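Try each task before you read its solution.

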Amino acid sequence: MKKVGLLGGTFNPPHIGHLIIANEVKHALGLDEVRLMPTSIPPHKSNPTDATPEQRLRMVDLAVEGTNGLSVSAFEVEQGGVSYTFETMKRLKEHEPGSDFYFIIGGDMIDILPNWYKIEELVKVVKFVGVGRPGTIGKSDFPIRMVQIPEIELSSTLIRERIGSNGTIRFLVPEKVENFIRLEGLYGNPTNN
Ligand SMILES: Nc1ncnc2c1ncn2[C@@H]1O[C@H](COP(=O)(O)OP(=O)(O)OP(=O)(O)O)[C@@H](O)[C@H]1O
Ligand SMILES: O=C(O)c1ccc[n+]([C@@H]2O[C@H](COP(=O)([O-])O)[C@@H](O)[C@H]2O)c1
């Protein structure tokens, strides 16, 4: 079986924290690849109005460009609607019966896992892999394999706030993502710092 990691997220925008997580888990668990998979409509947060699903997908594409073993999955964006992980995994497993999926989540998601759609059934069809995140508890009664990573206090929220206040986002997002944000004029005032 091919060992495939999935890092689902809103990626509004993707930041280096996402890349660190994906790469650390890939190496720690010896996965064949990790796919970053942007949601269409995220289930547990308000639907972003500042970037379209296609723009978020494009930014993830740029973020993984040239990386070894990291790629992007357009599966949820193409499906449309609310991206419930249970539904996604059911369909993905049908598409790829030869793959074993590892769904990667950060501490904030671990904390709200009991509220996920059909979680009791979901934990039976997918292996959850957890990573710590500053400011979260990151513990669960559900089976989650924890991977130790160098934790980073970085979020898409911080990136959006920095751009909005004309602050620097240099090194916090891949250079190509920053260029795209500026070109498209996303998140308010594109920074020149
Ligand atoms: N700094 C981080 N440390 C650990 N996990 C993270 C980090 N940033 C994001 N994640 C995890 O990556 C996945 C996708 O995150 P998402 O795209 O929602 O980014 P975010 O930074 O949490 O966004 P926002 O600030 O808009 O809520 C989630 O499982 C989240 O827990
Ligand atoms: O299926 C659910 O109920 C569910 C609830 C919250 C989050 N998720 C998934 O977890 C991933 C990270 O979510 P988010 O909100 O941090 O972008 C993303 O792939 C979501 O679809 C899934």
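**Exercise 1: the overall fold**

Solution: The chain has eight helices and six strands. These are DSSP runs (helices H or I, at least four residues; strands E, at least two), numbered from the N terminus. Next, walk along the sequence, and you get β-α-β-α-β-α-α-β-α-α-β-β-α-α.

A word on ground rules: this is a predicted model, where local features need pLDDT of at least 70 and side-chain atom pairs count only at pLDDT 80 or more, while totals for chains, interfaces and linings use all residues. Residues are numbered from 1 along each chain as its sequence is written, with chains lettered from A and ligands numbered from 1 in the order in which they are written.

**Exercise 2: ligand 1**

Solution: Start with the 18 residues around ligand 1, the closest being Gly-9, Gly-17, Gly-106, Ser-155 and Thr-157; a residue counts if its C-beta atom, placed from the backbone, lies within 6 Å. Two or more residues each come from helix 1 (16–29), strand 4 (99–106), helix 5 (107–112) and helix 7 (156–164).

**Exercise 3: ligand 2**

Task: which residues are the closest to ligand 2?

Solution: Of the 15 residues that surround ligand 2, the closest are Gly-8, Thr-10, His-44, Trp-116 and Tyr-117. Now look at the elements: strand 1 (2–9) and helix 4 (85–95) are the ones that give two or more residues to this shell.
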